[in-house]
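Work through the exercises below with the structure open beside you. Each task is followed by a solution in steps.

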Amino acid sequence: MSGSTWDRSSIVERILDRRLIAVVRAADADEALQVGKALAEGGVDLIEITFTVPDAPSAIARLTRELSDGVVGAGSVTTPEQAEDAISAGARFVVSPVGRLDLIATCHRRDVVCMVAGLTPTELFHAWQSGADLVKLFPAGAVGGPSYVRSVLAPLPDLPLVPTGGVTFENFQTYLAAGAKAVGLGGALIPGDLVRSGDWRELAEHAARFVRALAGG
C-alpha cells in the first residue's frame with residue numbers, strides 16, 4: 001500500500017514508527033522535488049513540503065507520484081483553503097506552525113492527519129483536546145529544547161508532542177528520549193549548501209546518517 005492510499009490512522013502509526021519528519025523549504029517546486037527524492041533515498045520518507053515553497057501543491061503532487069512508499073505532507077499551512085489544496089494534491093498529513101484549530105475538521109473530513117502547533121502547556125493541551133492527531137511544539141529550541149519537553153510532559157504525559165525548530169543531529173535523540181513522539185527537522189537535515197550545489201547523492205547520505213543514528217540509539 002502506498003503512502004497516497006493509507007488512511008489517517010495508518011499515517012499516524014507511520015509517524016510514530018519513523019519519528020523523523022523532514023521539513024522541506026525550497027526555492028521552487030522543482031527543487032523541493034529533488035530534495036524530497038534524495039531524503040527518501042536516504043531513508044527519511046516522511047516529507048513535509050511547506051507552503052513557503054512556491055506552488056507547494058504542485059511539489060506535493062509530483063513528489064507523491066515519485067515516491068512509492070514515502071508519505072508526503074504539507075507544512076506552514078495557515079488556512080483551510082491551503083489545507084484543501086494540499087490534500088487535493090495528495091498530502092496525507094497537514095502541519096500548521098500556529099494553533100489554527102479549524103484545520104482539524106478540514107483534514108479529518110478527508111481522512112488526513114492534522115498537526116497544529118502550540119508553545120505553552122495550555123496551547124499544546126488545547127490543540128490536543130480539540131482533536132489534533134499530533135501537536136507541534138514550535139519553536140522548540142527557543143524555549144529550552146528537550147528540557148522543556150520533559151517539563152511539559154511531566155504533568156501532561158499523554159500529549160503527543162512533535163518538537164520542531166532548533167532540532168539538530170546532536171539533539172534529536174535527546175528530544176525523543178524526553179518523550180517526544182517524533183521530531184521535525186529542517187536545516188539540520190537539509191543543509192543549504194547541499195541544496196544549492198544540487199548534490200543529491202550527498203544529501204541522501206546525510207539523511208541516512210540520521211536514520212542510522214536513530215536505529216543505533
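**Exercise 1.** In this predicted model, determine how helix H2 (residues 29-41) passes helix H10 (residues 200-216): is the crossing left-handed or right-handed, and at roughly what angle do the axes cross?

Solution.
- Step 1: H2 crosses H10 in a right-handed sense.
- Step 2: The two axes come within 7 Å, and their crossing angle is roughly 45°.
- Step 3: Angles under 35 degrees count as roughly parallel, and 65 to 115 as roughly perpendicular. H2 and H10 are therefore oblique to each other.
- Step 4: On the H2 side, the contact is made by Glu-31, Gln-34, Val-35, Ala-38, Leu-39 and Glu-41; on the H10 side, by Trp-200, Leu-203, Ala-204 and Ala-207.
- Step 5: Sorted by type, the residues of this H2 and H10 contact are seven nonpolar, one polar and two charged.

**Exercise 2.** Find which residues of H2 are buried and what covers them.

Solution.
- Step 1: H2 has 13 residues and reaches 18 Å from its first C-alpha to its last, close to the 18 Å expected at 1.5 Å a residue.
- Step 2: The buried residues in H2 are Ala-29, Ala-32, Leu-33, Val-35, Gly-36, Ala-38 and Leu-39.
- Step 3: Their cover includes strand E1 (20-24), strand E2 (46-50), helix H3 (56-66), helix H9 (192-197) and H10.
- Step 4: Now look from H3, where Ala-56, Ala-59, Ile-60, Ala-61, Leu-63 and Thr-64 are buried. These buried residues of H3 pack against H2, E2, strand E3 (71-75) and helix H4 (80-89).

**Exercise 3.** Describe the surroundings of Lys-37.

Solution.
- Step 1: Lys-37 is located in helix H2.
- Step 2: Its relative accessible area is 30%. Buried means under 20% and exposed over 50%, so Lys-37 is partly exposed.
- Step 3: Setting aside neighbours within four places in sequence, Lys-37 is in contact with Leu-63, Glu-66 and Leu-67.
- Step 4: Between the C-alpha atoms of Lys-37 and Pro-191 there are 15 Å in space, and the two are 154 residues apart in sequence.

**Exercise 4.** Describe how H4 and H5 (102-109) are arranged, and list the residues in their contact.

Solution.
- Step 1: The H4 and H5 axes come within 9 Å and cross at roughly 25°.
- Step 2: With under 35 degrees counted as roughly parallel, H4 and H5 are therefore roughly parallel to each other.
- Step 3: Their crossing is right-handed.
- Step 4: H4 contributes Pro-80, Ala-83, Glu-84 and Ile-87 to the contact, and H5 contributes Asp-102, Leu-103, Thr-106, Cys-107 and Arg-109.
- Step 5: By type, the residues of the H4 and H5 contact are five nonpolar, one polar and three charged.

**Exercise 5.** Examine the backbone at Arg-19, Asp-111 and Pro-139.

Solution.
- Step 1: Most residues other than glycine have a negative phi, and most peptide bonds are trans.
- Step 2: Arg-19, which is not a glycine, has a positive phi of about 75°. Arg-19 sits in the loop between helix H1 (8-18) and E1, and is partly exposed at 24% relative accessibility.
- Step 3: Asp-111 also has a positive phi, near 60°. Asp-111 belongs to the loop between H5 and strand E5 (113-118) and is partly exposed, with a relative accessible area of 33%.
- Step 4: Phe-138 and Pro-139 are joined by a cis peptide bond, with omega about -5°. Pro-139 lies in the loop between strand E6 (134-137) and helix H7 (146-153).

How values were computed:
Residues numbered from 1 in each chain as written. Predicted model: local features only at pLDDT ≥ 70, side-chain atom pairs only at ≥ 80, totals over all residues. Heavy atoms only, no water. Axes fitted to C-alpha atoms, helices over the stretch in contact; angles between N-to-C directions. Helix = DSSP H or I, 4+ residues; strand = E, 2+ residues; numbered from the N terminus. Parallel < 35°, antiparallel > 145°, perpendicular 65-115°, else oblique. Left-handed = near helix turned anticlockwise from the far one by under 90°. Contact = heavy atoms within 4.5 Å. Nonpolar A, V, L, I, M, F, W, Y, C, P; charged D, E, K, R; others polar. Expected span 1.5 Å × (residues − 1). Buried < 20%, exposed > 50% of the residue type's maximum accessible area, 1.4 Å probe, protein only.
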